[in-house]
Amino acid sequence: MNHLPVSDAVLVADIRQLIDSARQRTALAVNAELTLLYWQIGRRIQDEVLKGERAAYGQQIVQTLAAQLTVAYGRGWGEKQIRHCLRAAETFPDEAIVSALRGQLSWTHIKTLMYLDDPIKRDFYIELCRLEGWSSRQLQERMNSLLFERSAISRKPDETIRHDLQTLRKENQPSPDLLLKDPYVLDFLGLNDRYLEKDLEDAILREIEQFLLELGAGFTFVARQKRLQIDNDDFYIDLLFYNRKLKRLVAIDLKAGDFRAEHKGQMELYLRWLAKYEQEPDENPPLGIILCAGKKQEQIELLELDASGIHVAEYLTVLPPREILQAKLHQSIASARRRLLSDKEDQ
């Protein structure tokens, strides 16, 4: 094999990069055009053929159209594709929305998202997908892991969720509730039924890459057992992270048992020390996550932890069957929203 001089090798590398970049831009442009085409086809069928017609007639039209398009353009224009086009037009009736999405998400992304019936949940995944740059496979994995149901924002009223998503859309600035979770799924740690807090900490650091993925967008590891010297006493933060999206330090306190009221004071001390000695001028105030094996919901509400910048979350070392976890999360979301509504009515 002939070897080029160093200068020629650099030239070849540069040209290859130009070709690869051009191919990528071309693929994105083609994808954007195809997405718009599929939406336009769905809209045209909707407006001019199916609107107001009987279901049986609509089925016949779709079958006939699919057969004729397959003859003209080959595979890929069967009934299933026509129904995807119709679903796109039904889900996103405004062309302006489709135009915005097609420049950032692929047709595969959009096809996955448009079959979510809950528009708030769909908007959540759209905005997080854009923020974090998920592949279509990663999007499906996040949906399968019930990311929306595990997010702190899912426990909030619909108007709060819409407001936070709109802020993210306009300013590219997520709220903490969009990124924080409850519970965190730590089944990859391989912990047995009985373990100490140090065992939990050791396991997290062994699997730090997986733990960062579970934490979500923008987290970077800063320190383990961060030492704080206050007066003549030493305190230690189990794990300290920084989140680039939120622009703030995040202290994590690990608890092998259930949450207790005294954990609040401990975390408040950590956060105030970090704000005084570690927070940079352009950063937001630090956040705290108390990660525990169980929660005492009424204690958490009475302590008004949200106002202190403290998030209490459970962690699961063994993932239950999806149906059981989904039922538990839906019950938790409904309960949290009822409490918020009750508190609002009492004011």
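**A first look around**

Guide: The protein exposes about 20,000 Å², and carbon and sulfur atoms supply 50% of that area; accessible areas come from the Shrake-Rupley method with a 1.4 Å probe, and for residues only the protein chains shown count as cover. This is a predicted model, where local features need pLDDT of at least 70, side-chain atom pairs count only at pLDDT 80 or more, and totals for chains, interfaces and linings use all residues. Residues are numbered from 1 along each chain as its sequence is written, and side-chain values use heavy atoms, with hydrogens and water left out.

Visitor: OK, what does the C-alpha trace span along its principal axes?

Guide: About 80 × 75 × 40 Å.

Visitor: And how much of the protein counts as buried?

Guide: Of its 347 residues, 40% do. Buried means under 20% relative accessible area, exposed means over 50%, and partly exposed is in between (1.4 Å probe, protein chains only).

Visitor: How many helices and strands are there?

Guide: There are 15 helices and six strands. Both are DSSP runs numbered from the N terminus: helices are H or I with at least four residues, strands are E with at least two.

Visitor: How are the strands arranged?

Guide: The six strands make an open sheet with mixed pairing, in the order β1-β6-β5-β4-β3-β2. At the edges are β1 (184–185) and β2 (219–230), each pairing on one side only. Two strands pair if DSSP finds at least two bridges between them.

Visitor: What holds paired strands together, in general?

Guide: Strands of a sheet pair through backbone hydrogen bonds, either parallel or antiparallel.

Visitor: Start with β2 and β3, then. How many bridges join them?

Guide: Ten, and the two strands run antiparallel. β2 and β3 form a hairpin with two residues between them, and D231 in the turn has a positive phi of about 55°.

Visitor: What about β3 and β4?

Guide: β3 (residues 233–243) and β4 (residues 248–258) also run antiparallel, joined by five bridges. Y242 has L249 in β4 as its bridge partner.

Visitor: Do β4 and β5 pair in the parallel or antiparallel sense?

Guide: Parallel, over seven bridges. L254 stands opposite L291 in β5. β5 is mostly covered, with seven of its eight residues buried.

Visitor: Which helix lies across the sheet strands?

Guide: Helix α13 (residues 262–277) lies across β2, β3, β4, β5 (287–294) and β6 (310–316), and runs at about 160° to β4. For that angle, axes are lines fitted to C-alpha atoms, for helices over the stretch in contact, and angles run from 0 to 180 degrees between N-to-C directions. Contact means heavy atoms within 4.5 Å.

Visitor: Which other residues have a positive phi here?

Guide: Q225 is one of them, at about 50° although it is not a glycine. Q225 is found in strand β2 and is partly exposed, with a relative accessible area of 32%. K247, also not a glycine, has a phi near 55°. K247 sits in the loop between β3 and β4 and counts as partly exposed because its relative accessibility is 42%.

Visitor: And where is there a cis peptide bond?

Guide: From D182 to P183, with omega near 5°. P183 lies in the loop between α10 (176–179) and β1.

Visitor: I clicked on L305. Is it buried or exposed?

Guide: L305 counts as buried because its relative accessibility is 2%. You'll find L305 in the loop between α14 (297–303) and β6. Leaving aside neighbours within four places in sequence, L305 is in contact with F259, K264, I300, I310 and V312.

Visitor: Last one: where is E207, and what does it touch?

Guide: E207 is in the loop between α11 (197–206) and α12 (208–215). Not counting residues up to four places away in sequence, E207 touches F188 and L189. E207 counts as partly exposed because its relative accessibility is 33%.
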